[in-house]
Amino acid sequence: MTLNVWARHGDWPRRRKVLAAGLRALRPDLVAFQEVVRTADYDQVADLLGSAYHVVHQHNGEADGTRAAIASRWPVGRVRQLRMPVTLSPRTILW
């Protein structure tokens with residue numbers, strides 16, 4: 001599954017309860033997260049999923065710790081992170 005968590009915006013305590021309950025009820029094998037927070041003292045993915053998952057976080061997040069992450073029920077092997085441009089220049093041709 002994929003989920004944009006929207007960091008800790010809005011009513012995070014209320015949203016957290018709903019998201020955690022829904023994820024734990026669904027028990028997805030693999031989750032691609034967008035806009036999750038990981039700082040030195042907080043891991044939003046671990047907070048929502050518990051300890052049953054192996055998590056790989058995007059290396060360079062935003063200043064507030066927001067980033068992407070992948071969570072898997074199985075150990076993660078080799079990890080490669082590619083930088084993808086957000087915008088295309090006017091001369092970029094897509095084939």
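Predicted model: local features only at pLDDT ≥ 70, side-chain atom pairs only at ≥ 80, totals over all residues.
Residues are numbered from 1 along each chain as its sequence is written, and side-chain values use heavy atoms, leaving out hydrogens and water.

Let's start with the core. A nonpolar core is a set of buried (under 20% relative accessible area, 1.4 Å probe, protein chains only) Ala, Val, Leu, Ile, Met, Phe, Trp, Tyr and Cys residues joined through side-chain atoms within 4.5 Å. The largest one here has 18 residues, and among those touching the most other members are Phe33 and Ala71. Helix 1 (12-26), strand 2, helix 2 (44-49) and strand 5 each supply at least two of its residues; helices (H or I, at least four residues) and strands (E, at least two) are DSSP runs, numbered from the N terminus.

Now for two neighbours in the chain. Contact means heavy atoms within 4.5 Å, and the table skips residues up to four places away in sequence.

| Residue | Contacts |
|---|---|
| Alanine 71 | Asp29, Leu30, Val31, Phe33, Val45, Leu49, Tyr53, His54 and Val55 |
| Serine 72 | Asp29, Leu30, Tyr53 and His54 |

Serine 72 sits in strand 5, and counts as buried because its relative accessibility is 8%. A polar atom of its side chain lies 2.9 Å from the backbone oxygen of tryptophan 74.

Definitions and conventions. Buried < 20%, exposed > 50% of the residue type's maximum accessible area, 1.4 Å probe, protein only. Polar contact = N/O pair within 3.5 Å; in protein donor to acceptor, adjacent residues only side chain to side chain.
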